[in-house]
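Please consult the sequence and structure shown here while reading.

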Amino acid sequence: MDTHLTEKQWRQVRTPAFKEWFGDWEMAHTVQAVKDFLKNSEPVGEISGKEFAKSDTSLIDRVSDYYKKTVNA
């Protein structure tokens, strides 16, 4: 990353004391980058509402059965 800071300044702005006084600018930058990415992204998938259909079998048993069929196969 390009910078206009001296090496000393570069180190200083990354210290806990600096971030405590002025705020964690690195985390704010990361959060903003993630927000921008998500705002410009397409959804990965859709939920139909049928994913959680009622069943006579408990969820624990269904998950156990799923792993037995897929992992232990």
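In this predicted model, a search of the whole structure finds 3 aromatic pairs. Two of them are set out below; a pair of aromatic rings is described by the distance of the centres and the angle of the planes.

| Pair | Centre to centre | Angle between planes | Class |
|---|---|---|---|
| Phe18 and Phe22 | 4.6 Å | 35° | tilted |
| Tyr66 and Tyr67 | 5.4 Å | 80° | edge-to-face |

**Phe18 and Phe22**

Both residues belong to helix α2, where they are separated by 4 residues, about one turn of the helix. This helix spans residues 16-22. Together with Trp21, Phe18 and Phe22 make up one aromatic cluster. Phe18 is partly exposed because its relative accessibility is 24%, which falls between the limits of 20% and 50%. Phe22, at 59%, lies over the 50% limit and is therefore exposed. Leaving aside residues up to four places away in sequence, Phe18 is in contact with Gln12, Val13, Gly23 and Trp25.

**Tyr66 and Tyr67**

Tyr66 is located in helix α4, which covers residues 59-70. The angle of 80° between the planes of Tyr66 and Tyr67 is over 60 degrees, so the pair counts as edge-to-face. Tyr67 is partly exposed, with a relative accessibility of 47%. Both tyrosines also contribute to a nonpolar surface patch of about 530 Å², to which Leu59, Val63 and Val71 belong as well.

**A charge over a ring**

A further aromatic residue, Trp10, has the charged end of Arg14 over its ring, 3.7 Å from the ring centre.

Definitions and conventions:
Residues numbered from 1 in each chain as written. Predicted model: local features only at pLDDT ≥ 70, side-chain atom pairs only at ≥ 80, totals over all residues. Heavy atoms only, no water. Patch = residues over 30% accessible without salt bridge, like charges linked within 9 Å, V, L, I, M, F, W, Y side chains within 5 Å. Areas by Shrake-Rupley, 256 points an atom, 1.4 Å probe, with all protein chains shown as cover. Salt bridge = Lys/Arg side-chain N within 4 Å of Asp/Glu carboxyl O. Helix = DSSP H or I, 4+ residues; strand = E, 2+ residues; numbered from the N terminus. Buried < 20%, exposed > 50% of the residue type's maximum accessible area, 1.4 Å probe, protein only. Contact = heavy atoms within 4.5 Å. Phe/Tyr/Trp six-rings, centres within 6.5 Å; stacked < 30°, edge-to-face > 60°. Lys NZ or Arg CZ within 6 Å of the ring centre and 35° of its normal.
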